[in-house]
Amino acid sequence: MKAYFTAFILTFLMLARPALAQQDVVWVQIEAQPSLSAAQDAARRYAGAMPDVNGFALGGGWYAVVLGPYLRADAERVLQIYRADRLIPNDSYIQLTSRLGQQFWPVGANTLGQVQTPQVTQETPQQPVVQAPAPQPTDESPADARRSEAQLTRDERRALQIALQWAGYYNAAIDGAFGRGTRGSMAAWQVDRGYPETGILTTAQRAELLADYNAPLTSVGMAMVRDDEAGIEMLLPMGEVTFETYEPPFAHYGTAGDLGARVLLISQPGDQTTLFGLYEIMQTLKIVPLEGPRRRGSDSFTLEGRNSAIVSYTEAALRDGQIKGFTLIWPSGDEPRRERVLAEMKASFARVEGVLDPATGSEAVQDIDLISGLEIRKPRVSRSGFFIDASGTVVTTSEVVESCTRITLEADVEAELVTEDRALGVAVLRPGAPLAPMSVARFVATQPRLQSDVAVAGYSYEGVLGAPSLTFGTLSDLKGLRGETELKRLALAALPGDAGGPVLDTGGTVLGMLLPRATRGPQLPGDVSFAANATAIGNVLADAGLSPQRAVNGAAITPTELSRVASGMTVLVSCWD
């Protein structure tokens, strides 16, 4: 008889569903699982025995199996009857729509979006109608709460302590043991929420606490995403990002909200060499700032970068000939929420069948400053310099070392400032690791001849060409326009990137260092340039305890040999923000 009565109630509720009012829609939560697969199994099991089974993400890696949606009064009756028939657990309770996230069961369903406010025409009744008050949701007694609490796993208990700690009520160890400290924090939370001060959270109170804790995740729409092209399934902040395109080895999820967050899924076939290459390439990208820890193992790596605008985290690992991982780019200044989102992404990351085809997206627009659709990080300014000893000490222009977060030689060797003469415009750098230059500067020992041929070796286009070039001219004067004896005037049309490069005579001897063009004062003709002479540079080096090599005037060498000598000593110097 009980089964017939249950069927009658369910039929009544199904017929009554069109009358659901949006403002009074609730659910009966019957189970919560800490993993998507376990929740799917539970939903499938319940769906075989009763209708109206749905599944939603709760956030924080938890997933709820619920019945509904119902009017609150109907939900109370379902709760009562199903409990009596032992079809649902005794600790099942009323759940609010606002606490449910992305739907995962039935697959592809959107039950939340299907609930509509009915259009009802109201007629004046013949007799007064007295409406009974809506039944209030039942909750557990302290004894019931303690019994349901006893069913919690250690991880579930730890999760409650973490949530209490996050809310500012708990500051002891996260050990899953509900001792005096945990009970006191629960009681304080209950008082602040207007609940009886029992020190034992009911099932509904536990759900409320966790919902508050997971609010940062709810605010960015954390949802499970399965990208079959990339072969990756994981939770993503889909309220803030949206899929854009595939450009191997990345699946791009671009900004969709106000935060400016971005996600890359990494997927490519390869081996250890491919993984190590990806590790190096990622560090050249603008989305991976310079400051932050890096770790590379034999089959995986992690990268974290921070600047004033963004915080970036990347992880990737090699398994069975496939490299998979992800990058999260998040705005600076939102660290608590970023940490929560990142933790969920890392915990939910799963490999599924498939890997991104390297040929995918081959029609994308090509750009020398882009790699797979991502902008390469570029220095603020690059100039030239030249080696003055066998360990790689470099002379360059002061212009390129001003207000730099990081200085590099040849784009990837970090260097430090040894000394600087700002009045002269000369700086001396020491590489972070010893270098072995192909050639070093030999400074002229005597005064050069006026109107003799000279050449400047430099990175005219600030490294775009990948190698220095020679610009030829003549020595116009042994001093500056105002009689400065530390300068030489050249008839030579140099570009900004040449500044800091060596000025050489026809024998390959260094006469001085090219100075940047003045940006203030009189604008001189384009072929007028100045160089700090060898004597002045030697004084700067001597003050730093360095001794430059001197050369005896020799015969002119061939242009080919001059190019070889100049290229061997000239180095690209870059300033990074």
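**Reading strands and helices**

Trainee: Which residue of E4 is the bridge partner of Val26?

Mentor: Leu96 is the partner of Val26 in E4. Keep in mind that this is a predicted model.

Trainee: What holds strands together in a sheet, in general?

Mentor: Strands pair through backbone hydrogen bonds, and the pairing is either parallel or antiparallel. Now take E1. Strand E4 (residues 93-96) is joined to E1 by 4 bridges, and the two run antiparallel. Strand E3 (residues 62-71) also runs antiparallel to E1, with 7 bridges between them. There, Gln29 has Val66 of E3 as its bridge partner.

Trainee: How many residues of E1 are buried?

Mentor: Apply the cut-off: buried means under 20% relative accessible area. In strand E1 (residues 25-33), 8 of the 9 residues are buried, so the strand is largely enclosed by the rest of the structure.

Trainee: What is the strand order in the open sheet of 3 strands?

Mentor: The order is E6-E7-E15, and the pairing is antiparallel. Strand E6 (222-227) and strand E15 (350-351) are the edges, each pairing on one side only. Between E6 and strand E7 (residues 232-237) there are 6 bridges.

Trainee: Which helix lies across E6, E7 and E15?

Mentor: Helix H11 (residues 335-348) does, and it runs at about 165° to E7.

Trainee: Which residues of H3 are buried?

Mentor: Arg72, Asp74, Ala75, Glu76, Val78, Leu79, Ile81 and Tyr82 are buried in H3. After H3 comes Arg86, with a positive phi near 60°.

Trainee: Which side chain makes a polar contact with the side chain of Thr408?

Mentor: That of Trp576, at 2.8 Å.

Trainee: Which residues is Thr408 in contact with, leaving aside neighbours within four places in sequence?

Mentor: Thr408 is in contact with Val413, Glu414, Ala415, Leu572, Val573, Ser574 and Trp576. Trp576 is the residue whose side chain makes that polar contact.

Key:
Residues numbered from 1 in each chain as written. Predicted model: local features only at pLDDT ≥ 70, side-chain atom pairs only at ≥ 80, totals over all residues. Heavy atoms only, no water. Pairing = 2+ DSSP bridges. Contact = heavy atoms within 4.5 Å. Axes fitted to C-alpha atoms, helices over the stretch in contact; angles between N-to-C directions. Buried < 20%, exposed > 50% of the residue type's maximum accessible area, 1.4 Å probe, protein only. Polar contact = N/O pair within 3.5 Å; in protein donor to acceptor, adjacent residues only side chain to side chain.
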